[in-house]
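Subject: Structure handover, with notes on cavities, pockets and salt bridges

Hello,

Please find the structure below. My notes come after it.

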Amino acid sequence: MSGVHTLLLQLEGPMQSWGYRSRFVYRDTALEPTRSGVIGLICAAMGITRDEYKDHAARFDAVRMGVRVDREGRPERDYHTALDVIKADGSGTGTVVSLRDYLADASFTVGLESADLRMLSDIADALRRPRFFLYLGRKGFPLTVPPIRPNDEPRHGTLEDHLLASGGQRRIMLEAPDGERTQHDWPLCFGQRRFKPRRIKTAFSGHGGSG
């Protein structure tokens with residue numbers, strides 16, 4: 001894939017939450033960063049609001065994403081109680097208990113692959129000097145390290161080149177048309193919470209590559 005480059009990001013923090021099928025009082029988390037969560041983080045860095053995203057979505061479609069699990073997180077669950085919540089039928093108020101899942105002490109390397117080198121460079125610049133506060137999937141879950149180091153730039157090569165070559169047997173999730181599972185987290189419009197599915201395949205590091 002001549003001309004393809006990959007930008008590597010580090011997402012690490014004491015708590016992360018990457019929901020993709022949350023409904024009503026249950027807030028789930030995937031075991032690794034979702035596409036919607038990563039694109040949302042990049043939009044925050046660039047100063048793109050939820051309502052503005054639909055005007056920029058096509059440019060992000062040129063990005064293929066992969067995630068290497070450097071440290072598996074520990075799944076945890078919080079119980080939140082809200083008092084005096086108005087009932088749906090208008091009959092009064094009640095108490096609502098919501099369940100919120102998150103990952104504790106996880107660390108991921110996210111790869112963004114594209115033939116649009118200028119866009120990857122713009123993403124890198126924005127992450128070094130973010131316009132809005134950056135968090136790991138949920139407000140209140142900050143990063144403990146910068147997502148990109150000061151001198152890091154997009155590297156020539158594919159996701160496979162840069163994610164598969166690390167030592168040890170690390171789990172890697174790669175976007176691929178022939179992926180074995182589907183995840184409904186490709187953002188179309190954040191303001192209206194519209195997403196489409198993407199295909200993902202699983203690989204393991206230590207099986208080639210040059211990154």
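Conventions

This is a predicted model, in which local features need pLDDT of at least 70 and side-chain atom pairs count only at pLDDT 80 or more, while totals for chains, interfaces and linings use all residues. Residues are numbered from 1 along each chain as its sequence is written, and side-chain values use heavy atoms, with hydrogens and water left out. Helices (DSSP runs of H or I, at least four residues) and strands (runs of E, at least two) are numbered from the N terminus.

Cavity

The search ran on a 1 Å grid over the protein atoms alone: a cavity is a set of points where a 1.4 Å probe fits but cannot get out, a pocket is an open set with protein on both sides within 12 Å along at least five of seven lines, and lining residues have an atom within 4 Å of a point. Grid points are joined across faces, edges and corners, and a volume is the space filled by probe spheres set on the points.

The structure holds 1 cavity of 30 Å³ or more. The volume of the largest cavity is about 50 Å³. Its lining is made up of E32, P33, M65, G66, V67, M173, R181, Q183, R198 and I200. Two or more of these residues come from each of β3 (64-71), β8 (181-189) and β9 (194-204), and β3 gives the most, with 3 residues. By class the lining divides into 5 nonpolar, 2 polar and 3 charged residues. Here Ala, Val, Leu, Ile, Met, Phe, Trp, Tyr, Cys and Pro count as nonpolar, Asp, Glu, Lys and Arg as charged, and the others, Gly among them, as polar.

Pockets

The largest pocket has a volume of about 990 Å³. It is lined by 31 residues, and R50, Y135, G137, F190 and R193 lie nearest its centre. α1 (35-46) and β8 each supply at least two lining residues, with α1 giving the largest share, 6 residues. The lining has 12 nonpolar, 10 polar and 9 charged residues.

The second largest pocket has a volume of about 220 Å³. Of its 13 lining residues, L8, L9, Q10, R149 and D152 are the closest to the centre. β1 and β3 are the elements that give two or more residues to this lining; β1 gives the most, with 3 residues. The classes here are 6 nonpolar, 2 polar and 5 charged.

W18

W18 lies in the loop between β1 (5-16) and β2 (26-27). W18 counts as buried because its relative accessibility is 1%; buried means under 20% relative accessible area, exposed over 50%, and partly exposed in between, with a 1.4 Å probe and protein chains only. The side chains of W18 and Q16 are joined by a polar contact of 2.9 Å. Such a contact is a pair of N or O atoms within 3.5 Å; within protein, one must be able to donate a hydrogen and the other to accept it, and residues adjacent in sequence count only if both atoms are side-chain atoms. W18 and D28 are 10 residues apart in sequence, and their C-alpha atoms are 7.4 Å apart in space.

Salt bridges

The whole structure has 19 salt bridges, each a side-chain nitrogen of Lys or Arg within 4 Å of a carboxyl oxygen of Asp or Glu.

- R71 and E12: the closest N and O atoms are 3.8 Å apart. R71 is in strand β3 and E12 in strand β1, 59 residues apart, and the pair links distant parts of the chain. R71 is partly exposed at 38% relative accessible area, whereas E12 counts as buried at 18%.
- D105 and R74: the N to O distance is 3.5 Å. This pair also links distant parts of the chain, with D105 in strand β5 (residues 93-114) and R74 in strand β4 (residues 74-86), 31 residues apart. D105 counts as partly exposed at 38% relative accessibility, and R74 counts as partly exposed at 43%.
- D125 and R128: the closest N and O atoms are 2.8 Å apart. Both are in helix α3 (residues 117-128), and because they are 3 residues apart there, about one helical turn separates them. D125 counts as partly exposed, at 31% relative accessibility.

Regards
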